[in-house]
Amino acid sequence: MSTSQPQPAHGIIRPLRSVILLRHGQHNTAAPNQLGGLTELGKKQAAATAERLRDESIDRIVTSEYRRARQTADEVARHHPSITIETDADICECVPSVPPGQEVFYPEGVKASQTAECREHLDRAYSRYFESDNEGTTLLVCHGNVIRYLLCRVLAVRLDAWARFDIHNCGICRVSSKTYLGTQVTGLNDVGHLPPSLLTYG
């Protein structure tokens, strides 16, 4: 009697490429948006996250141009010294849309031209990291709105639904592209590496 496990008729399912989406640590909101660096608590979040990811098989680390994202990426990269950090302006923080009921969070308003430009940047990023033929694992260190929007693209849901995701500072999301199954969300807002005292949203 054979003890081998039956395989699916369409073949063996295996990962082709993976993207780890990491939100930056808590930052100084009193500074200009691009320049606000990590707070002391944010540095602790980044250090704990770097420890969590130290044994991951990561092939690329890409960060937005904002200081808080770069500082978070630098902390992770200390455990992956062979990787040179890349910078991508298309994954900088922006507002892809203002969903109905969310206007209260934007008291100064957001112009339609700004949201359109944001989606243009994020759609380019989606194509670059989620539709390429490159194999391996890419770590994107970026921002809450960016991660939420990209997850909506992966799930093929209404793009206004980005506001229905909540991502902690240094929360980890995972997306994997596999043979036969396509692109799937395999992890959402993982903060198991952070104690309750280090959980923040802003």
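I began with helix α3, whose buried residues are T115, C118, L122, A125, Y126, Y129 and F130. Looking down the axis of α3, I see these buried residues fall within an arc of 105 degrees, so they line one face of the helix. The arc is taken from the directions that run from the helix axis to the C-beta atoms. Buried here means under 20% relative accessible area, exposed means over 50%, and partly exposed is in between (1.4 Å probe, protein chains only).

Before going on, I note that this is a predicted model, where local features need pLDDT of at least 70, side-chain atom pairs count only at pLDDT 80 or more, and totals for chains, interfaces and linings use all residues. Residues are numbered from 1 along each chain as its sequence is written, and side-chain values use heavy atoms, with hydrogens and water left out.

**More on α3.** On the other side of α3, I found A112 and S113 exposed. I then checked the length: α3 has 19 residues and spans 26 Å from its first C-alpha to its last, close to the 27 Å expected at 1.5 Å a residue. That expected span is 1.5 Å times one less than the number of residues. Helices (H or I, at least four residues) and strands (E, at least two) are DSSP runs, numbered from the N terminus.

What do the buried residues of α3 pack against? I get β1, β2, β4, α4, β5 and β6. Contact means heavy atoms within 4.5 Å.

**The sheet.** I traced an open sheet of 6 strands in the order β3-β2-β4-β1-β5-β6, with mixed pairing. β3 and β6 (182-190) are at the edges with a single partner strand each, so one side of each has no neighbour in the sheet. Two strands pair if DSSP finds at least two bridges between them.

I looked at two of the pairings. Strand β2 (residues 60-63) runs parallel to strand β4 (residues 136-142) over 4 bridges, and I61 stands opposite L139 in β4. β5 and β6 are antiparallel, over 6 bridges; there S177 has T183 in β6 as its bridge partner.

Next came the helices on the sheet. Helix α1 (residues 40-53) lies across β1 (15-23), β4, β5 (172-178) and β6, at about 30 degrees to β5. Helix α2 (residues 67-77) touches β1, β2, β3 and β4, and its direction makes about 160 degrees with that of β2. For these angles, axes are lines fitted to C-alpha atoms, for helices over the stretch in contact, and angles run from 0 to 180 degrees between N-to-C directions.

**Cysteines.** How many disulfides are there? I count 1 disulfide, taking a pair of cysteine sulfur atoms within 2.5 Å as the rule. C94 is joined to C118, S to S 2.0 Å. C94 and C118 are both buried.

C152 is in no disulfide, and the nearest cysteine sulfur, that of C173, is 11 Å away. C152 is buried at 0% relative accessibility. C170 is in no disulfide either; its nearest cysteine sulfur, that of C142, is 12 Å away. C170 has a relative accessible area of 0% and is buried.

**Positive phi.** Most residues other than glycine have a negative phi, and I went looking for exceptions. C170, in the loop between α4 and β5, has a positive phi of about 60 degrees. A156 lies in the loop between α4 and β5 and has phi near 55 degrees. A156 is exposed, at 69% relative accessibility.

Y180 sits in the hairpin of β5 and β6, which has 3 residues between the strands, and takes a positive phi near 70 degrees. Is Y180 buried or exposed? I find Y180 exposed at 54% relative accessibility. Y180 and I13 are 167 residues apart in sequence but 6.5 Å apart in space, C-alpha to C-alpha.

**H143.** Last, I checked H143 in the loop between β4 and α4 (144-155). H143 is buried, with 0% relative accessible area. Leaving out residues up to four places away in sequence, H143 touches R23, H24, S64, Y66, R68, A69, I91, C92 and E93.
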